[in-house]
Amino acid sequence: MTFELLCFYFFGTVAVVAALSVISVKNSVVAALCLVLTFFSMACVWLLAQAEFLGVALALVYVGAVMVLFLFVVMMLDVDFAPLREGFVRFLPVGVLVAVVMLVEMLMMIGVRTLQTPPSEDPAMLAGMSNLEWLGYTLFRDFILPFEIAALILTVGLIAAVTLNERKRSHTKLQNPSRQVMVKREDRVRLVKMAAEKKGEAAP
Amino acid sequence: MIDAMRESLLAYGNTGLVAWVVLKILVIAVPVIIAVAMFVYWERKVIGWMHVRMGPNQIGPFGLLQAFADVFKLLFKEIIQPSSANKFLFVLAPLIALVPSFAAWSLVPFDAGLVLADVNVGLLLLLALTSLGVYGIILAGWSSNSRYAMLGAMRAAAQTISYEIPMGFALVSVMIMTGSLNLTEIVMAQAGSKGFLDWYWLPLLPMFVIYFISGVAETNRAPFDMAEGESEIVAGFHVEYSGSAFAIFFLAEYANMILIAFLATVLFMGGWLSPLQGWITADVAWVDWIWKGGWQWTFIKAFLFSFFYLWFRATFPRYRYDQIMRLGWKVFIPITIVWVVVAACLKYFGLVTIGA
């Protein structure tokens, strides 16, 4: 058994176990952390498959940014998740059914036959480029239109989410930091000249 | 000599391979730990001078052994766990903070060919590793079961995510200029005959400034140390930590600081290239690194940048939280987006010479 195969089995096992604990652990923060572990071990599996860019991008985007925000929300929420999980065993058959349907659909899309044929030569290797260069050329030269359309759809989704969430609040107080920075002494302090009091006069 | 050592170790098979890997890790990790210790001493000394104090001066000559005395004090102290803390995560959090900050060091090139892991996606991997460190902070805050720690962790999470974006854009502009994510290639692309004017700090000046400021914010250092904010939340995320667990957080934070200083050097200030490159051509033993470039320059520049950290800390008052968010989202991100386009134009119209 080669070192790579050993690593693959290790990361694969960790990914599966972590993915199972995401749905079975009681504590919601621990569940989110298990999801992080799943992402991370999948990134390692992709690295082993020599998809360096995809692996590192997964770690960067999902582990480094998305899951941090997710944890942020889970920690801030004051929800008791125990009642939400009560039906776990009762709804398990439905869940398994959905999973099986999804598996069948995925197999139909990818095709069972491609699983049996040996994988084709690494296209990056054939082109004599690094994985990253090949991905860049393919994405920005051969598939530029689908890429741009995907970017546009994501931007529209972003704007829609912001618009849906933005509502006018009536009683909020806002600071204007640029005005705070620009403030001068004369705006805040007024020096008043007063006649000095003389000796002997009775204080009022 | 190195190759011979490698061969002799690999002759023992798998055990030798493991030993070789461990040896390589130690060659990076041990100097980093010692550098952190000396950097803490230097910080206290510099800030002392800026405050017109002496700084540490009792232990060893000039107080040089102060940092080691501190380390021993921390190691022998008891680790107190809050009774309702999440035991497992409480212990795990400092380690999660430490591992990415050390792992990132394996990617730093100190000289031509003097790098532990010469990875093609080096720049991206660095960004990924530095963004993982925030998990240690968040978990520390949450598992301590303390409000102060929780608030510190929330602040740290929001701040790190916000400043990762301008930092990422700054790295994108470097990538556009070089056409590669490999750190060694990035340095070599800054070689040329115009001395220090060939480095990326000149065409990417706003990016360079923003990168370093974002680096300060990313490592939660003054004036952006809202995660610790003594005056408001005691010590933030590590308020419940003591002894060696606290020492590990400390180590991770300082290792990250020095790492950011090295990265600013490598990405924008020409790494090991000499500021006199191309102006002097002479062969003199021992001193020709001054104009030919060498690892010495990497360390000199990185020392300068790490000094900026201390200078900032002694100079600027802490930001208010909304000001930090405003600076990140409303000032830095628009500037970086514009400058990515500018960098692309500079490259496309050939206004910047890449490589020697």
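**Reading a two-chain model**

Visitor: How many salt bridges does the rule find across the interface of chain A and chain B?

Guide: A salt bridge is a side-chain nitrogen of Lys or Arg within 4 Å of a carboxyl oxygen of Asp or Glu, and across the interface of chain A and chain B the rule finds zero of these. Before we go on, please note that this is a predicted model, in which local features need pLDDT of at least 70 and side-chain atom pairs count only at pLDDT 80 or more, while totals for chains, interfaces and linings use all residues. Residues are numbered from 1 along each chain as its sequence is written, chains are lettered from A and ligands numbered from 1 in the order in which they are written, and side-chain values use heavy atoms, with hydrogens and water left out.

Visitor: How many residues does each chain bring to the contact, and what area is buried between them?

Guide: Contact means heavy atoms within 4.5 Å, and by that rule 27 residues from chain A and 25 residues from chain B take part. Buried area is the accessible area (1.4 Å probe) that two parts lose on being put together, summed over both; here it is about 2,300 Å², and carbon and sulfur atoms give 79% of it.

Visitor: How many residue pairs are in polar contact across this interface?

Guide: The rule finds two residue pairs in polar contact between chain A and chain B, both at pLDDT 80 or more, where a polar contact is a pair of N or O atoms within 3.5 Å (within protein, one must be able to donate a hydrogen and the other to accept it, and residues adjacent in sequence count only if both atoms are side-chain atoms). On the side of chain A that touches chain B, at least two residues each come from α2 (28-48), α3 (52-76) and α9 (177-182) of chain A, and the largest share, 15 residues, is supplied by α3(A). Sorted by class, that side has 20 nonpolar, six polar and one charged residues, given that Ala, Val, Leu, Ile, Met, Phe, Trp, Tyr, Cys and Pro count as nonpolar, Asp, Glu, Lys and Arg as charged, and the others, Gly among them, as polar.

Visitor: How many helices and strands does chain A have?

Guide: Helices (H or I, at least four residues) and strands (E, at least two) are DSSP runs, numbered from the N terminus, and chain A has ten helices and zero strands. Of its 204 residues, 19% are buried, where buried means under 20% relative accessible area, exposed over 50%, and partly exposed in between (1.4 Å probe, protein chains only).

Visitor: Where in chain B is E43(B) placed, and is it buried or exposed?

Guide: E43(B) sits in helix α2 (residues 14-50) of chain B and, at 2% relative accessibility, counts as buried. Leaving aside neighbours within four places in sequence, E43(B) is in contact with R221(B), Y254(B), L310(B) and R313(B).

Visitor: Which residues are joined with E43(B) into one network of salt bridges?

Guide: R313(B), at 41% relative accessibility, is partly exposed. A further salt bridge pairs R221(B) with E253(B) (3.2 Å, N to O), and E253(B) is in helix α11 of chain B, 32 residues apart from R221(B). R221(B) and E253(B) are both buried. Through shared partners, these salt bridges join E43(B), R221(B), E253(B) and R313(B) into one network.
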